[in-house]
Amino acid sequence: MSKILIIGTGPVAIQLAQLCRLTTEKEIDMVGRASTSLKSKKLYQAYQNDNYFEVTTQNDAHKHMEGRFQISHLYKDIEVVNGHYDTIIMACTADAYHSTLSQLSTATLEKVKRILLVSPTFGSQMIVEQYVTNFNKDIEVISFSTYLGDTRLYDTEQPNHVVTTGLKTKLYVGSNREHSATINYLTSVFKQFHINLVDMPTALHAETRNSSLYAHPPLFMNDFSLKIIFGGTEVPVYVYKLFPEGPITMTLIHEMRLMWAEMMTILAEFSVPSVNLLEFMVKENYPVRPETLADDDVYSFEKLPAIHQEYLLYVRYTAILIDSFSEPDQHGRYFDFSAVPIKQLYENEQGVVHIPRMPSEDYYRTSIIQHIGKLLGIKTPMIDTFMKRYEQYCQDYKNHNQQLSSQFNVNLYKDDKSLVEVYLDTKGKI
């Protein structure tokens, strides 16, 4: 990778730029959207003033990822990008992949060799590949299962200074090309940061290895959570707590299992192995004590009756109410792991009302999954119910006399859905 363009200027983009700088002597450029985003504008101004980015880490074990550094060039907006790059790293949200790439010049798209999707959703590789092949038939698209850790602003007044608070030990990665030399290279790079990259047969395989696909829609697209998000509350409620402190009930767990089952039917159409939901949650996300969930139950989850699966999923969520691996205080209380507040609608600096990333990003993810199911002739009644609920809350809120973001519109993402349809038609799936 000789010349890299990172699309995005948030904390994730800055940490990735630092990793690129640590592992290559090549040119690294970044681009934001300072003309349309106040956050991006502030970052652009901060970098112009300070002339550096800075990454710190919360844990001493990750200090090798820290540093203060410069890049070759920071573009203010994507329309002004005029260079040729062999590698583009998409460090923006998945719903912005197509709209962002469509603003790049034809000359840039014709020369790029590979595009890396840092936080894709199910179907992202299809969308990106189908769009870019209009200009570049040989494009390699690589999907990661998710971002490598948790990176956030260190101080809102210093948007060019970020802190990485956590790091994953394993990520999944897949390419639309067999025997990818790029993935071989990335595997050696990630090994330097003690992250194991698991090479999957395709990009789609990697995209299925993200627990948010299966957990977020039931957690955020239920009436309890949606009433809080759109209507507010004087008493805080929390994403991962049991009712009434949070949304988790046996009904929510039932809906989670139904959506997972619908997703597994879709995966089977692509000959992608099923995902053991409980194993993925327990062994690859947040571990629980063996006294709470036995390995035999975890590994046999997919073979169990539906009611047994739901019981185990419910037990899993009770197990992460606290961090059972933390040290109790003098009162015997463990770290309150589940106290993640459900965020509500908010106004940006221009007075425009926005929907939080959870569930707005989950709406995008679920929209694409629903569309793929329809194209394949697979019925998805649970996914359809999530979508209808969310869209109804968006429609009802439009009665408020406020300036609303485009997130409140329904029937979004038509271009992305069209690209998926053409891709599947070309590949003979529909």
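In which sense do β9 and strand β10 (residues 161-167) pair, and over how many bridges? In this predicted model, β9 and β10 pair in the antiparallel sense, and five bridges link them. Local features are described where pLDDT is at least 70 and side-chain atom pairs where pLDDT is 80 or more, while totals for chains, interfaces and linings use all residues. Residues are numbered from 1 along each chain as its sequence is written, and side-chain values use heavy atoms, with hydrogens and water left out.

Strands of a sheet pair through backbone hydrogen bonds, either parallel or antiparallel. Two strands count as paired if DSSP finds at least two bridges between them. Strands (E, at least two residues) and helices (H or I, at least four) are DSSP runs, numbered from the N terminus.

The pair β9 and β10 belongs to an open sheet of four strands, ordered β4-β3-β10-β9, with mixed pairing. The edges are held by β4 (67-69) and β9 (149-153), each of which has a single partner strand, so one side of each is left without a neighbour in the sheet. From one strand to the next, the twist averages 20°. Across from threonine 151 stands threonine 164 in β10. Helix α1 (residues 11-23) packs on this sheet and touches β3 (53-57), β4, β9 and β10; contact means heavy atoms within 4.5 Å. The direction of α1 makes about 90° with that of β4.

Next comes strand β11 (residues 170-175). Five of the six residues of β11 are buried, meaning under 20% relative accessible area with a 1.4 Å probe and protein chains only (exposed is over 50%, partly exposed in between). Strand β8 (residues 140-144) runs antiparallel to β11 and is joined to β11 by three bridges; here phenylalanine 144 stands opposite valine 173. Strand β12 (residues 196-200) runs parallel to β11, with five bridges between them, and leucine 171 has leucine 197 of β12 as its bridge partner.

Finally, a look at two helices. Helix α11 (residues 277-284) packs against helix α13 (residues 306-319) at an angle of about 20°, and their axes lie 10 Å apart. Axes are lines fitted to C-alpha atoms, for helices over the stretch in contact, and angles run from 0 to 180 degrees between N-to-C directions. The two helices are therefore roughly parallel to each other, a term for angles under 35 degrees. Leu277, Leu278, Met281 and Val282 of α11 make the contact with Leu312, Leu313, Arg316 and Tyr317 of α13.

Technical notes. Angles under 35 degrees count as roughly parallel, over 145 as roughly antiparallel, 65 to 115 as roughly perpendicular and the rest as oblique.
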